[in-house]
Amino acid sequence: MTATHPEEADDIQALLWSGYNALPAATFLLLRIQDREAARAWLRKAPVTTIGHLSTHQATALQIALSANGLINLGIAESVVGGFAPEFLSGMATDEARSRRLGDVGANAPANWRWGAQGEPDVLLLLYAETAKLETQVAGIAATVKDSGFEVIGQLPTSDMGGKEPFGFVDGVSQPQIDWSGKRKPGTNADLDYGNLIVRGEFLLGYQNEYGQYTDRPLLPDAAGAALPRAEDQPGLRDLGRNGSYLVLRELHQDVRGFWRFMAAQTDAGRAETLAEHMIGRQLSGDPLLPLQATPIRGVGRDAADRARNQFTYDGDAEGARCPLGAHVRRANPRTGDMPGGQRGLIAWLIRTLGIGRPDLRADLMASSRFHRILRRGREFGTWVPPDTAMQPDCPDPQSGLQFLCLNANISRQFEFVQNAWLSSTKFDGLAGESDPVTGNRLPLRSGSATDGFSLPQQNGAARRLATVPAFVTVRGGGYFFLPGVRALRFLAQGD
Amino acid sequence: MVAAPIRPTQQAALSAMLDSMNSAPGRVDPGNTVLPFGRYDRLHVARFVILQDETLGDLAAYGTSFPNAPVWLVFLGDCDGAADDMLRDFATTAETGLRSIFAHCDEPPGTDLLDWMRKHFVPPAAQYVNWAGRTVQQIREEAALHDFLQDCLARDATLLTQPAVFVRDRLLAEAQHAGPALSPPAPTPPAWQRERLLWLLTTVLAAILLLPFLLVLSPLLLWQLRVRERADPVITPRPTAAHLAATSRLEDYDVTNPFSAFGSVKPGLFRLCTLLLVFRALEFSTRFIYTRGRLARVGTIHFARWVFLDNRRRLLFASNYDGSLDSYMDDFINKVAFGLNLVFSNGIGWPRTRFLLLGGASYEQEFKNFLHRHEVPTQVWYKAYPDLTASNLATNTQIREGLQREHMTEAEARRWLALI
């Protein structure tokens, strides 16, 4: 937290700025509103942590998010709620078409979820604390909200795995860097190449996004929303979205034993980790499988560690010889600019844009990563077991996984796109017969063709194809929430 | 495309009949009794759509209206060979089913079904084919070849470590010995060649005749365009949740989706002439430039067409694209916004453009709202090669071509092997 805090730091929940790494203990509470007035009263005063608070030591932190159901149950007018994004209003689980797009079918179907299948809980509380303090914090908050018109309908505990996710990989290695200064102008020639510096408006509502435009959000007339900030693009109106973000939560169960036993069964002794690293697309340490490039990448390199892990693209590995094309991190962020393959100069740009000549048919399949970035803030749960223990036949089920959590300003163009067009797509980058090696649901396509393969390109160009890769991850809950700015939160709680 | 107005009292019954051709919403039964698409091995894609135009009210922005606008039933598809041959084939082999569908139309077929379909045939103003001349048979054979070669590689792990040229020779030997049949490429029909040449000649001739006038008039035309672009109303309210649900419930069962959108052309001769010019240019590009896997930078479209209806008052856009609608729209915005603007900015309500090319589809939210709002549910949709994307088809073609080449260097063979 060396950089200076942004403007309006006191209005932005701190999760936008930090994953609270200094607070390794965390629990997420799912609440239902029972008494509207009491709930409003609590939300008006709730000690929500903002970026501004981070300039002093925080032993605990609280973040508050609301679902569309929650807004309605707080008594917010339909005309106001209707200004939020359609996917937020419809929710993650209750539209089958959305479930198909997200791959939430078969074992992942909402019908099998632990929570969220009938729609999002009203309110989501994220509690973070120093290890020794979580229990008291949770007990305190839980008792308070119970007395304040809420019912606690679920608690999602997390565990500290020391910066690794349950399979054993260092997690959260690559994140978009937010341009808090607001200086970056998107859409210039610099965007023809991959960049990691992304404008605020991709994560916060009320600011210009990567198109240089304002994402839809509820705007209110002056009289109705005097406590709210003015809308930057329409100063006559008040902006309920400003400094808020959409929060996507998904409970992902990871079959750690199945994962490592599969790796061991497919390889010679001692090679299991290498195979796993190729399926993930990074080393267990978090280091990339590709060499770093000499040229810096915009938005990479706030420190030496970041540079060592992120100063690369896949441009020099078009056939996937170093990092398989379908590897998890390559799918999650293909690191492409607006013009993959790099066309320079007006004539070359024109030829490329018009698609004349004999262009490489694959080069444009995944362009413009900058429109599809998410800020990941997930936490692990369950018991940590190291890979070699997980391979043993007598290893008990560690019941572990990830409370996947991400923030974005446009759920359909960011989270849903990444999940649908990149991760779970069985056709990513021209591949066939495989989806994400970690999160794919492995269900065959309509004609029965398999999707449970994985290709490992070899030196001679041919791919070694693994078949019948089991599903390693199962979705067991999830929802779409709105993480409001503090003024917006107080406004939503103020009542009639 | 065959199009006929539906008798208003019959629309619900027709809709129910179309539903009966699906095994479930969004999933056609290729062997359904009305029109068993799967039996026609020259048919790539086909659809039945009821063009219920929910945006007719937008005409009020121009102070006009379209009272008693017909609700069209359209039946369109893409096939190998001549469309008329396909229609004749349908009329002789599926007469009962087709009659039962068209019986819901204003003037149902009389004694001669083929004649009726010909009379109701509407040629497209422009169309796009992903890969000119690639037949359904070729697609299926190439897919089988890819599977066969993949199996060969999976059977013998030593092939993964041998030089690429050696591996290619081995695969070639195996394919000749036990691989799937590969028919020689279908000959290009002379009639098609003649038509293409004639089209080119008339287009060039028209261009030569028109160009001087257009050039001389260009300041005036540009001024007229800008006046209109500044004044034309933008109509992009968010589509209702019910409308979104009605379209999305039919989507994302295959890796490819159909898209059908319908709307009104801006009134007046200026916009109509612009549109006709643009379509001529578009048709030129799709006939002579974009014939190998891509429409400008977009490689995910199998077939697309633009068709006028109602004496060019309304326009239908129908396409078959890979992936979900959201990624399709993102592709449009990021790669071919200019191309969309050329055509659709002549439609009522399109986001504001500048000089026919700029703006428009670049306004993400307005553009997405517009497209969603004009989308009509594609009730019955068939594709002959489920689960294969345009990218897969291109790869399979490259694999076949590579296998049939006389000679390859090690580097070429390595790139070829990577396709498998």
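**Figure 1. Helix α13 of chain A crosses α10 of chain B in this predicted model.** Helix α13(A) spans residues 415-423. The axes of α13(A) and α10(B) come within 10 Å. They cross at roughly 100°. Angles of 65 to 115 degrees count as roughly perpendicular, so α13(A) is roughly perpendicular to α10(B). On the chain A side, E416(A), F417(A) and A421(A) take part. They meet D326(B), S327(B) and D330(B) in α10(B). By class, this contact has 2 nonpolar, 1 polar and 3 charged residues.

**Figure 2. The side of chain B that touches chain A.** Chain B brings 48 residues to the contact. Chain A brings 43 residues. Several helices of chain B each supply at least two residues of this side, including α5, α6 and α8 (241-248). Also on that list are α10 (325-344), α11 (364-374), α12 (390-403) and α13 (410-419) of chain B. Which helix gives the largest share of the side of chain B that touches chain A? That helix is α10(B), with 5 residues. Sorted by class, the side of chain B that touches chain A has 20 nonpolar, 14 polar and 14 charged residues.

**Figure 3. Helices α5 and α6 of chain B cross at roughly 120°.** Helix α5(B) covers residues 136-155, and helix α6(B) covers residues 164-178. Their axes come within 10 Å. The roughly perpendicular class runs from 65 to 115 degrees, and roughly antiparallel begins over 145. The two helices are therefore oblique to each other. The crossing is right-handed. From α5(B), the contact draws on L145(B), F148(B), L149(B) and C152(B). Their partners in α6(B) are L171(B), E174(B) and A175(B). By class, the contact of α5(B) with α6(B) has 6 nonpolar, no polar and 1 charged residues. Both α5 and α6 of chain B also supply at least two residues each to the side that touches chain A.

**Figure 4. Chain B as a whole.** Chain B holds 13 helices and 12 strands. Its C-alpha atoms fill a box of roughly 75 × 55 × 45 Å along the principal axes. How does the radius of gyration of chain B fit a compact globule of 420 residues? Such a globule would have a radius of gyration near 22 Å. Chain B has 23 Å, which agrees. Buried residues make up 44% of the 420 residues. Consider the contacts in chain B with a separation of 6 or more: 77% of them join residues 24 or more positions apart.

**Figure 5. Q127(B) in strand β6 of chain B.** The strand spans residues 126-129. Is Q127(B) buried or exposed? Q127(B) has 20 other C-beta atoms within 10 Å. A residue with 20 or more is buried, so Q127(B) is buried. Leaving aside neighbours within four places in sequence, Q127(B) is in contact with T286(B), A304(B) and R305(B). Q127(B) and A304(B) are 177 residues apart along the chain. Their C-alpha atoms are separated by 5.6 Å.

**Figure 6. N243(A) and a positive phi.** N243(A) is not a glycine, yet its phi is about 70°. N243(A) sits in the loop between β8 (237-239) and β9 (245-254) of chain A. With 29 C-beta neighbours inside 10 Å, N243(A) counts as buried.

**Figure 7. R442(A), another loop residue with a positive phi.** The phi of R442(A) is about 65°, although R442(A) is not a glycine. The residue lies in the loop between α13 and β13 (454-457) of chain A. R442(A) has 19 other C-beta atoms within 10 Å.

**Figure 8. R44(A) in helix α1 of chain A.** Helix α1 runs over residues 36-45. R44(A) is partly exposed, with 14 other C-beta atoms within 10 Å. Which residues is R44(A) in contact with, leaving aside its neighbours within four places in sequence? They are R490(A), A493(A) and Q494(A). A462(A) is 418 residues from R44(A) in sequence. In space, R44(A) and A462(A) are 62 Å apart, C-alpha to C-alpha.

Technical notes. Residues are numbered from 1 along each chain as its sequence is written. Chains are lettered from A and ligands numbered from 1 in the order in which they are written. This is a predicted model: local features need pLDDT of at least 70, side-chain atom pairs count only at pLDDT 80 or more; totals for chains, interfaces and linings use all residues. Helices (H or I, at least four residues) and strands (E, at least two) are DSSP runs, numbered from the N terminus. A residue is buried if 20 or more other C-beta atoms lie within 10 Å of its own, exposed if 12 or fewer, and partly exposed in between; C-beta atoms are placed from the backbone. Two residues are in contact if their C-beta atoms, placed from the backbone, lie within 7 Å. The radius of gyration is taken over C-alpha atoms; the globule rule is 2.2 Å times the number of residues to the power 0.38. Axes are lines fitted to C-alpha atoms, for helices over the stretch in contact, and angles run from 0 to 180 degrees between N-to-C directions. Angles under 35 degrees count as roughly parallel, over 145 as roughly antiparallel, 65 to 115 as roughly perpendicular and the rest as oblique. A crossing is left-handed if the near helix is turned anticlockwise from the far one by less than a right angle, and right-handed if clockwise. Ala, Val, Leu, Ile, Met, Phe, Trp, Tyr, Cys and Pro count as nonpolar, Asp, Glu, Lys and Arg as charged, and the others, Gly among them, as polar.
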